[in-house]
Amino acid sequence: MAFRSEQMSMIQIYIPSEIAQQTASELGELGQIEFVDLNPQINAFQRAFVGEIRRLDEMERKIRYLQSQIEKVGMKIRPIDSPTNSAFTRPHTQKEIDELESKLSMYESKLLQMNSSQQTLDKRYFELTELRHVIREASVFLSQSNKPGDDGHREDTALLESGQDVAETDELVSGGDLGSITGVIARAKMGIFERILFRVLRGNLYMNHAEIADDVVDPLTEQPIKKNVFVIFAHGKELIAKIKKICESMGATLYTVDPVGEKRREAGLEVIGKLEDLKNVIDNTLSARKAELAKVAETLESWSIIIKKEKAVYHTMNQFNFDANRKALIAEGWCPTNQISTIQHALRNVTERTDSTIPPILNELRTTKIPPTYHKTNKFTAGFQAIVDAYGMATYQEVNPGLFTCISFPFLFAVMFGDFGHGLLVTAFAAWMVVKEKDLAKKKWGEVGLIIFYAPFFLDKFNIWDMMYGGRYMILLMGIFSIYTGLIYNDVFSRTMPIFGRGYNWVIDGDKIVGEKKNRNYPIGIDPIWMVSENKLMFLNSYKMKMGVILGVMQMVFGLVLGIFNHLQFKKPMYILAESVPQILFLLSIFGYLVCIIIYKWATNWDSIGRSPPSLLNTLIYMVLAPGSVQKDDELFTGQAGLQSFLLLLAFLCIPWMLCVKPYLEWKEMSKHSTHGYNNLEDHSAPTQIPGEASSPHHGEVTKPAAAEGGAGEAHEFSEVIVHQIIHTIEFVLSSISHTASYLRLWALSLAHAQLSEVLWDMVLAAVFTMNPNSAPLGLMFTFYMWFNLTVFILIAMEGLSAFLHALRLHWVEFNSKFYLGGGRPFVPFSFSSVLSDSETDD
């Protein structure tokens, strides 16, 4: 991470057609070029390599199909340990892609054939299973039909009297006087089925049914279904036809059962034999299918990586322009200037590897387009830069706040969160993530949750673990700074740490006990005696409130100073005098003076003077309401009234200074252009700009930042400049007051955190120390468990999140608004690592 973004260059590469794919693949592995689309007028379906992309899309579909089949049987796909090894980084020839396509087609056709056979066998097995249950239950129905008083599951009709025996029933059914229908139906439909039959046939039937004890697995849905077997007896072909239509409409399956008992037994034995043979065939088919899937699972991930890379290569090549005369592809794009030699080396490697007689040619172009913004980061600085980029991507070559955020953000967090004990816990957690970062990078939250005791399930749902892991170094610094501020506050789990003794002795003064100062001061931080004094809150409130103002004014002034570097970079040195200087003077004349008198009040021994210290709040109020006069009791030093009058006058003079000088300079520059006849001249010879970009000199020497003046080269009226400057001036004056007050959140959250920690200690843990010694150990175990859980979830997790958000607001609103334009666009290079990581996120 640097003070400014990396210097960028527009490059043009002539790539011979025969090595275009290998060259693009090599540049994708390098990941240092953001290619520009040279064919914006051509839609995606008319580009040169649409056929190859469609072919790779089909291969991706086959891979997804194979993946779904592997997951369906509960097998795991072998992960790739290192996708950066030579098997994946080298470009693949067309022959290798053809072979891969034939492999995928072969495995897909095999699995489709196996699945089709499996479905046919499962369906046949399903039917035979139902038939076995139908034969068994139908035999029971027919054997019970001669028992007196047995009415089955429905009322008897006149068709089948209770006095008939089995032989008579078989004779009736076999003789054609009585027809029967047998089948199975879903148990949930059984009641409706019975009522429909009874009403349609008006009771002219006899029906019996029984539940199938075992669930039957449907071969289509592969879900277990509860079914019933039914037998229906009725007279006449018309009634039988009606019953069949009703069965079909209700989704029932009909089976033919021989009315003769002996034949039913033979059919049952035959069905059982077929089921056993079919079961063996199904098991063999499943074994063969699993063997094929096991082979695919070994290499499926590597195939997926190859196809994703090849697809990304052709998508990128669709952005190139084809030069028919030179039989070459022309590519243009942005790259870091210091990486041009690396890119040239990669192009030479492609030429040597392919034995090409014509090497790719790289040219650096001069352009008026604004380059993308690229901040080079590492695993330590990436989290801090992400915070800045979330506010807005920096304008090209402007000052990068991320460099200072690495320190200021965890420090301001620690000011609000400061507790030695809580900081230790946060540091320990972050240190664990840093030490185990390689192992944790490969895990999902569900796996990490087995290691960490506190793992709410929603962490995986909302990707909170990914955010915490990505910001592990940020959390580490936040914990370390919290330890430091906890040491300054002399606060560890709301208790004191008298490491260096005390700077006061307790003495009795009449009816009260007061602290008598020793000959030495407490060497670091707040004296622990303050934590047990009656006026502890009054002292801490005053101390932390003033500290918040000092830190806020320092950070805001630093932001205004950084704006000077932006004006110098954008070739606008006059804006330093017109904008930066009056803003700094305005802020320092009021709030800088407040910081000075705070420090002066701290440094003065008021007891030796023999008077009480004056109220700084009254001093600041009357500085504005009653300029030039200071009450005797509120006087800090000799000449205070005159100094305050001068500073107030300076602050008021800065307002018209900010309001008038900058518009005057712009009017003067506009008049100069108008005098030379350039006011309405359009430069048709200038290169075409990328939509949404403003023009600038070569390498981003921006003459007018887009975020500052609506884009360089954009014609605008002087009245618009005046209105813009009035709004900007009013906003700065009012925000100087509100932003300074906003830093009081450092005091408020620090106080809230300390008080909540103290309440938690007193209400939960402190009561144990007054318990009976016999029951104290057991009580300590229980209360410590409660106290520790509440500390982690409330004081560390919730309070830590609150402090994080407030520190984020202070950087985004109070600090960045003083100098940060944030009008750029990110550098998005063509990189295989980004392609693969994005595909993992989508999955």
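Figure 1. S9 and S10 make a hairpin with four residues between them, and Lys327 in the turn has a positive phi of about 50°. This is a predicted model, in which local features need pLDDT of at least 70, side-chain atom pairs count only at pLDDT 80 or more, and totals for chains, interfaces and linings use all residues. Residues are numbered from 1 along each chain as its sequence is written, and side-chain values use heavy atoms, with hydrogens and water left out. The names of strands (E, at least two residues) and helices (H or I, at least four residues) refer to DSSP runs, numbered from the N terminus. Strand S9 (residues 321-323) runs antiparallel to S10, and three bridges join them. Look for Asn321, whose bridge partner in S10 is Ile330.

**Figure 2. Strand S10 and its other partners.** Two strands are said to pair if DSSP finds at least two bridges between them. Strand S1 (residues 8-16) pairs with S10 in the antiparallel sense over nine bridges; here you can find Met10 with its bridge partner Trp334. Strand S2 (residues 34-35) is also antiparallel to S10, with two bridges, and Phe35 stands opposite Gly333.

**Figure 3. The two faces of S10.** In a regular strand, side chains alternate between the two faces of the sheet. In S10, Ala328, Ile330, Glu332, Trp334 and Pro336 point one way, while Leu329, Ala331, Gly333 and Cys335 point the other way. Nine of the nine residues of S10 (residues 328-336) are buried, so the strand is largely enclosed by the rest of the structure. Buried means under 20% relative accessible area, exposed means over 50%, and partly exposed is in between (1.4 Å probe, protein chains only).

Figure 4. His811 belongs to helix H26 (residues 776-815). With a relative accessible area of 2%, His811 is buried. Contact here means heavy atoms within 4.5 Å. Apart from neighbours within four places in sequence, His811 touches Thr405, Ser408, Phe409, Leu412, Gln555 and Asn816 in this sense.

Figure 5. Rings of Phe, Tyr and Trp (its six-membered ring) pair if their centres lie within 6.5 Å; planes under 30 degrees apart are stacked, over 60 edge-to-face, and the rest tilted. By this rule there are 32 aromatic pairs. Phe3 and Phe404 form an edge-to-face pair, 6.1 Å centre to centre with 80° between the planes. Phe3 lies in the segment before S1 and Phe404 in helix H11 (residues 402-417), so this pair ties together parts that are 401 residues apart in sequence. Phe3 is partly exposed at 28% relative accessibility, whereas Phe404 is buried at 19%. Phe380 and Phe384 have ring centres 6.0 Å apart and planes at 50°, so this pair is tilted. Phe380 is partly exposed at 33%, and Phe384 is buried at 0%. One aromatic cluster includes Phe3, Phe404, Phe558 and Trp812 among its members.

**Figure 6. Lysines over tyrosine rings.** A charge sits over a ring if NZ of Lys or CZ of Arg is within 6 Å of the ring centre and within 35 degrees of the ring normal. The charged end of Lys544 sits over the ring of Tyr489, 4.3 Å from its centre. Lys662 has its charged end over the ring of Tyr575, 4.8 Å from the centre.
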